[in-house]
Structures are given as structure tokens and as C-alpha cells.
Amino acid sequence: MKEQMTISEPIDITGIGSELQGVGRLADGRAVFVPGGIPGEQVTVAILQDKGRFCEASLCDVLKPSPDRVTPSCFHAGKCGGCQGRHLRYPRTLALKRQVVSDALARIGGVDAPNVRPTLGCDAPDRTRNKAEYPIARVDGRMAIGAFAKGSRRIIPLNDCLLQKDESTRALRWFSEHLEYLQCAEHLKYLVTRVNREGAMMLILCADAPILPDIRRLSPVLCEALPSLESLFLCQLNRRPAHALDGHCIRILGAETLPETLMGLAFTISPQSFFQVNPDQAEKLYAAALEAAGIGPGCDLDVLDAYCGAGTITLCAARHARHVTGIEIVPPAIADAKRNAVRNGLSDRADFICGDAAVEIPRLLKKGRRFNAAILDPPRKGANNALLDALADAKIPTLAYVSCNPATLARDVKRLVGRGYRLEWAQPVDMFPFTGSIETAARLALV
């Protein structure tokens with residue numbers, strides 16, 4: 001890989017990359033990726049990295065601006081790694097995300113003219129997230145809290161973030177102003193907040209040392225400063241934590257869990273549990289997934305939910321289907337799913353199996369179980385081939401694939417099409433406004 005810092009000739013931005021960066025062509029025909037560029041613009045760029053077949057560049061000047069270009073509403077846009085599309089009018093980001101899904105299905109998935117519906121956007125795209133992870137470290141000699149800079153672990157100090165709820169940013173501001181005076185500050189690595197639809201907040205302080213006495217002494221101050229605070233935890237991080245909550249959580253005050261609702265169902269959120277970070281958009285995504293599976297009022301289907309997690313989609317489906325079986329390899333998630341089924345009065349219409357879905361599906365078939373539809377919601381890396389083949393071998397008529405990565409969705413669609421399925425449509429949902437992240441629900445039918 002060669003590195004340069006030379007100004008190239010003017011570039012016409014003609015396409016869009018997976019992170020909402022503009023894509024153009026150099027004079028030699030190679031693609032150049034330009035964060036901040038918008039299709040239809042002409043720009044000048046500085047080549048940052050020459051990777052042979054393509055280049056990465058920074059935007060220098062916009063010679064011919066797009067009518068969709070706006071002044072970013074956040075001072076840190078383009079520096080912080082949180083948003084990639086603040087320079088765009090929101091409706092244009094939705095159109096570009098639809099294009100990213102369509103391009104992936106055509107280029108990677110081999111689908112001719114894929115039927116990709118318009119992206120379902122947010123009614124109000126700011127302050128939509130119910131969870132935040134703010135890193136903490138020393139910056140220029142002072143303790144700081146904020147967000148990681150784009151593509152690095154360097155912290156950009158913040159006292160607000162337009163992605164997060166007001167209750168969360170109130171906590172961010174308090175720590176931004178008081179970190180320097182906290183005795184335990186050197187050991188704090190993250191502040192994590194979770195805020196439910198009612199505005200109640202759970203706060204988790206993540207530390208690399210046993211500072212429980214310090215946090216206990218701090219708790220009355222936090223309760224006074226943060227009126228929405230319902231529960232406080234200390235997360236004692238593991239030696240080499242893989243993420244902000246990779247450790248042991250100790251409750252300091254308040255309830256063990258935070259109540260939340262999704263599609264009329266009741267759930268509880270613990271400090272380390274997974275829950276969709278944008279409930280309003282999650283409801284649109286789940287509604288699309290149920291539509292893809294053919295599940296609705298009065299349907300009489302037996303449904304399989306692979307990668308069921310804590311049972312959120314499973315239970316949404318169970319309200320209408322005859323029966324839903326959820327499979328998940330993570331034991332705590334299955335325990336949560338069973339409790340959620342009881343909590344919502346659906347334990348007679350949903351059952352849960354802890355195991356590898358690729359192994360469990362053939363076992364269920366040998367026992368005489370048959371499924372009219374299946375839902376799969378794999379992690380970002382997509383589904384493994386063994387699971388896709390197990391679904392195809394079971395000849396389940398309809399598959400609803402929920403994805404957070406258009407590239408792996410397209411890859412898996414290609415494999416399923418090779419096993420006798422047809423992609424009927426894909427529905428992008430904007431779960432993370434102004435970022436490159438895209439959620440999609442896709443319907444595949446057995447030919």
C-alpha cells in the first residue's frame with residue numbers, strides 16, 4: 001500500500017460507497033472513495049492512500065455542489081466517527097441507502113434488477129438512540145469524554161451528541177464538566193447510558209480497577225444532577241475488554257433492569273443485554289420482517305426464528321402465528337427470551353431452543369416438525385453456510401431475512417438463490433440516521 005498526499009485533478013462523483021462516501025474515477029480509471037462527496041458533484045480531493053486498484057481521498061473543495069448539500073448541524077461532523085451523512089439533506093440519505101442495498105444485491109448477489117423498496121426513514125431523525133457508549137481517557141493532559149475519531153481510538157471531547165437522547169447527553173455534559181475532579185477518573189474507561197421511551201435512564205460506569213467505594217460515594221451526587229436516573233451500575237472490565245461492557249456489572253442503586261416496549265410487547269433491559277437502539281425504527285423493521293414471512297392477523301403458520309436472541313421478533317410473530325420456535329446459541333439470551341414470553345402471555349405460542357440452528361433444524365425435522373416460514377436475523381457477518389443449507393434442505397416456503405449489512409445479505413441471498421429461492425423484495429429501514437448503517441428486511445420464496 002502506497003501513501004501520498006497529492007492533489008488530484010477534479011473528480012466527478014458518480015456513485016456511493018457503503019459508508020455514504022462519494023465514489024468517482026481518476027483519470028486512469030481507478031475508483032476513488034471520497035467521504036463527504038455527493039453523487040452529482042464535481043470536487044477536488046487529496047489522495048490519502050493508494051491501494052492499487054482504488055484510492056481513498058479527502059475532500060478538498062466542492063467545485064459543483066449538489067442541491068442536497070447542507071451545512072452539517074454538528075460541529076464535529078466529518079471528524080467524529082459517529083455520523084457520515086450530516087452534510088446531506090435527510091431524504092437524500094434515504095435514497096442513497098436504498099441505492100447501496102440495490103447495488104449490493106446486484107453486484108454481490110447477482111440479482112438482476114432487484115426489487116428494493118424506498119427506505120423507511122425516521123419521522124424525526126435526531127436523538128433517536130436509546131443507548132450510548134462514551135469513551136473516557138486523557139486528551140492533551142486532561143480527562144475527557146466523548147466519541148472516537150473516525151477510524152481511530154483517539155477521543156474527540158463532546159458535551160452533546162445529536163444521535164442521543166436528551167437524558168443521555170445530560171449525563172455526558174455532567175461528566176464532561178466534572179471528570180477532572182473525580183478521584184476515580186483515571187480508572188473510568190466508558191460511560192454507557194440506556195434510556196427508555198419514558199425517559200428513564202440506566203447509567204453504567206465502566207472501569208479497569210475495583211473502584212466500587214468511589215462509585216457508591218458518587219451515586220447521591222449523580223441522583224441529584226440527573227433526575228431521570230433510575231439505576232446505576234459499575235462494570236468491572238475484563239483485563240483486555242473486547243467492548244465497553246465486557247466485564248462484570250455490579251448494581252449500585254435502582255432496579256436490575258430497565259422496562260421497555262416494542263410493538264406493544266413488554267421487555268426488560270439489563271446493562272449487558274442486546275436491545276434495538278432505535279425502537280421506533282425497530283418497529284418498522286419488524287413489521288417488514290413479519291410481512292416478508294407472511295405473518296399477520298389470522299394467519300395459521302408454524303414459524304422458525306433462527307438467531308432469535310432475546311425473542312423480540314419471535315414474540316412479535318407469536319401474536320399472530322400458530323406457533324413460533326426460536327433458536328439461539330447464547331444461553332443468557334434464551335433465558336431472557338423465555339422470561340419475555342411469560343411476561344407477555346405468549347409462552348403457549350412460542351418455545352425456545354438453546355443451540356446451533358444449523359444442527360437443531362435437522363433434528364426438528366426428524367421429529368416431524370414442519371415450518372411454513374422462517375425468520376433469520378444474523379449478526380453483521382451474516383449467516384453461516386451450514387444454516388442457509390439447513391433452511392434450504394428443509395424446503396421452508398418463505399424466508400424473511402433481516403440484515404444489518406447489505407454486503408453479507410447479498411452474499412447469502414446468492415447462496416439461497418442457488419438453492420432454489422427467489423428474492424421477491426428488499427425493504428431498507430433507516431435505523432441509524434445520518435450514518436452508513438442500513439437495516440434491511442428481505443423476502444425470499446421457494447421457487
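This is a predicted model: local features need pLDDT of at least 70, side-chain atom pairs count only at pLDDT 80 or more; totals for chains, interfaces and linings use all residues.
**Entry 1: the sheet**

I began with an open sheet of seven strands, in the order E18-E17-E16-E19-E20-E22-E21 and with mixed pairing. Strand E18 (350-354) and strand E21 (421-429) are at the edges with a single partner strand each, so one side of each has no neighbour in the sheet. From one strand to the next, the twist averages 15 degrees.

For my own reference, strands (E, at least two residues) and helices (H or I, at least four) are DSSP runs numbered from the N terminus, and two strands pair if DSSP finds at least two bridges between them. Angles run from 0 to 180 degrees between N-to-C directions, with axes as lines fitted to C-alpha atoms, for helices over the stretch in contact.

Residues are numbered from 1 along each chain as its sequence is written, and side-chain values use heavy atoms, with hydrogens and water left out.

**Entry 2: around E21 and E22**

Next I looked up how E21 pairs with strand E22 (residues 439-446): the sense is antiparallel, over eight bridges. Ala426 has Ala442 in E22 as its bridge partner.

Which helices lie across E21 and E22? Helix H1 (residues 90-107) does, running at about 160 degrees to E21. Helix H4 (residues 279-293) lies across E21 and E22 too, as well as strand E19 (373-376) and strand E20 (398-403), and runs at about 5 degrees to E22.

I then turned to the second largest pocket, which holds about 690 Å³ of space. Gln21, Pro35, Gly36, Gly78 and Lys150 are the closest to its centre among the 25 residues that line the pocket. A pocket here is an open set of points on a 1 Å grid over the protein atoms alone, where a 1.4 Å probe fits, with protein on both sides within 12 Å along at least five of seven lines; lining residues have an atom within 4 Å of a point. Its volume is the space filled by probe spheres set on the points, which are joined across faces, edges and corners.

Strand E5 (42-50) and strand E6 (54-64) each give the lining at least two residues, and E6 has the largest share, with four.

**Entry 3: Leu365**

Last, I found Leu365 in helix H7 (residues 357-366). Leu365 lies 300 residues from Pro65 in sequence and 58 Å from Pro65 in space, C-alpha to C-alpha.

Note on methods: Contact means heavy atoms within 4.5 Å.
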